[in-house]
Amino acid sequence: MSESERRDAILHLLHIAGGLDIAFLTGFILGAASHRMAIVFDNAVTGAAVLAAVTIEPLVKDYVFPSAAYEEPIHKEQCRFLGVKPCLHYHLQIDEALGSTMGLSIINASMHMLNDMKTFIEAEVSVAEDGGAGKGRQAGKN
């Protein structure tokens, strides 16, 4: 499909699926992905924008994280189509971006663990002194 055909298909999709809100979100998602930022979505509206962005640029999919599992059939189908699974299962029924807020909190905590936590050596954690099962392993003898 040529670039102009793809653009026409996206404009048609945006016309059918929603209005300026989805068009704005689609552009925001494309911009975020171009800067290698995580994109967390939590409902059918943001899911529609994610699908539009992935249609425009398939590499966007590498940056997409669904936050919460919703009972909405559309949301379930969006996740299935994207091949992603939400990490939170709270049976949420509200549409107030609560899922994205919680999803961003999980990503933030994960990045903190990866980037800021010290290793045992850096934290000067001592080898087990009690002679327990892990003593040799901690001392590097196993």
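## Overall fold

Of the contacts in the protein chain with a separation of 6 or more, 54% join residues 24 or more positions apart. Contact here means heavy atoms within 4.5 Å. This is a predicted model, in which local features need pLDDT of at least 70, side-chain atom pairs count only at pLDDT 80 or more, and totals for chains, interfaces and linings use all residues. Residues are numbered from 1 along each chain as its sequence is written, and side-chain values use heavy atoms, without hydrogens and water.

The protein chain holds 6 helices and 4 strands. These are DSSP runs (helices H or I, at least four residues; strands E, at least two), numbered from the N terminus. Their order is α-α-β-α-β-β-α-β-α-α.

## Surface and interior

The protein chain has 142 residues, and 28% of them are buried. Buried means under 20% relative accessible area, exposed over 50% (1.4 Å probe, protein chains only).

## Helix α4

Helix α4 spans residues 73-82. Its buried residues are H75, Q78, C79 and L82. They line one face of the helix, because they fall within an arc of 95 degrees seen down the axis of α4. That arc is taken from the directions from the helix axis to the C-beta atoms. An α-helix has 3.6 residues a turn, so residues three or four places apart point the same way.

Cover for the buried residues of α4 includes β1 (39-41), α3 (44-56), β2 (64-66) and β3 (68-70). On the face turned away from the buried side sit the exposed residues P73, R80 and F81. G83 follows α4, with a positive phi near 75 degrees.
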